[in-house]
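Thanks for coming. I have one structure to go through, and I will keep it short. Please have a look at it first.

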Amino acid sequence: MKKVSIISPVFENVNRISETVTGLIEFFKDKYEFEVFYYHSIDLPENLMTDARFIYTKVDKNISHDDCVLDGFEKASGNCVIVADLNNVEYKDYLLKLLVEWESKAQIVFVKRDKKSFNFWQKIGNFFAEIGRKIGNMFLGFAGLSKKFGAENSFQLFASNVVELIKQFPEKNYYLRNFDCWVDFRVSVIYTKSKLSVKRRQKKSTGSLWGFIVSTLLFGGLLTAIILTNKLITEANRSMFFIVGTGLLVVFGLFGIFNLYRYVIYRMTNLKSQKK
């Protein structure tokens, strides 16, 4: 019988654990072997059912959702690993859909919310957010840098071979970008109209007016310096001068746009940047 591993960071939301324990036992009965890794930051409810298939790990209140997922990857022994928001009242429906896709030979399955229509300001916000994300990914790829693994959706499934690959990444902090586009694996996307959210428990940069002002001044100062010193540069060094100068202008300009987006548009629309 195949085995399913579930990782569920619940943190302080422990009130539904008893209900989900019972529900998962019934859900998997005679279908799969399973194990569930709960990560909680406060004490568990009293009289919680004792079952070796449910592993409870108490974590510091400041630990991130991604850190819990990575720890679960190290401990999981299933044929597939599911990152699940078990606090979602429809968790059984999502688990069933993930497993159906997996049984149909998909190796990565995730739930994605259907895109909805946006007003004018929200479209502008999304435009800048998407540009910033793509440019950030491009520079990270060029520099060979890594970021933390992004378990960004409420429900994701990874076949065991995908999990093993992630665990073998040489970086200290794993970075899995665009796994919905991995050509080496069969990927399936499940769309839903329901709201999906994960408390990531990580500080997010919200930008600032000062950041915009400083980056704008730097941009203007550098542009002025390039214009004034252009004639002082020899012909042989002029190409490199312009390449370096243009690169710095792009960096300062993008930083200014980022802070402007976060400070003005973000606050006007209460828009949360949509991540992949």
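**Fold and two local details**

Starting at the N terminus, the order of elements in the chain is β-α-β-β-α-β-α-β-α-β-α-β-α-α. That amounts to 7 helices and 7 strands. Keep in mind that this is a predicted model.

Some totals next. The chain has 276 residues, and 39% of them count as buried. Among contacts with a separation of 6 or more, 79% are between residues 24 or more positions apart.

Now to one helix. Which residues of α5 are buried? In this helix, residues 160–167, they are V162, V163 and I166. Viewed down the axis of α5, these buried residues fall within an arc of 100°, so they line one face of the helix.

S64 sits between β3, residues 54–58, and α2, residues 65–75. Is S64 buried or exposed? The relative accessibility of S64 is 3%, and the cut-off for buried is under 20%, so S64 counts as buried. What does its side chain contact? The side chain of S64 makes a polar contact with the side chain of D67, at 3.0 Å.

To recap the local part: α5 has its buried residues along one face, and S64 is a buried residue in the loop between β3 and α2. That is what I have.

Notes:
Residues are numbered from 1 along each chain as its sequence is written. This is a predicted model: local features need pLDDT of at least 70, side-chain atom pairs count only at pLDDT 80 or more; totals for chains, interfaces and linings use all residues. Side-chain values use heavy atoms; hydrogens and water are left out. Buried means under 20% relative accessible area, exposed over 50%, partly exposed in between (1.4 Å probe, protein chains only). Helices (H or I, at least four residues) and strands (E, at least two) are DSSP runs, numbered from the N terminus. The arc is that of the directions from the helix axis to the C-beta atoms. A polar contact is a pair of N or O atoms within 3.5 Å; within protein, one must be able to donate a hydrogen and the other to accept it, and residues adjacent in sequence count only if both atoms are side-chain atoms. Contact means heavy atoms within 4.5 Å.
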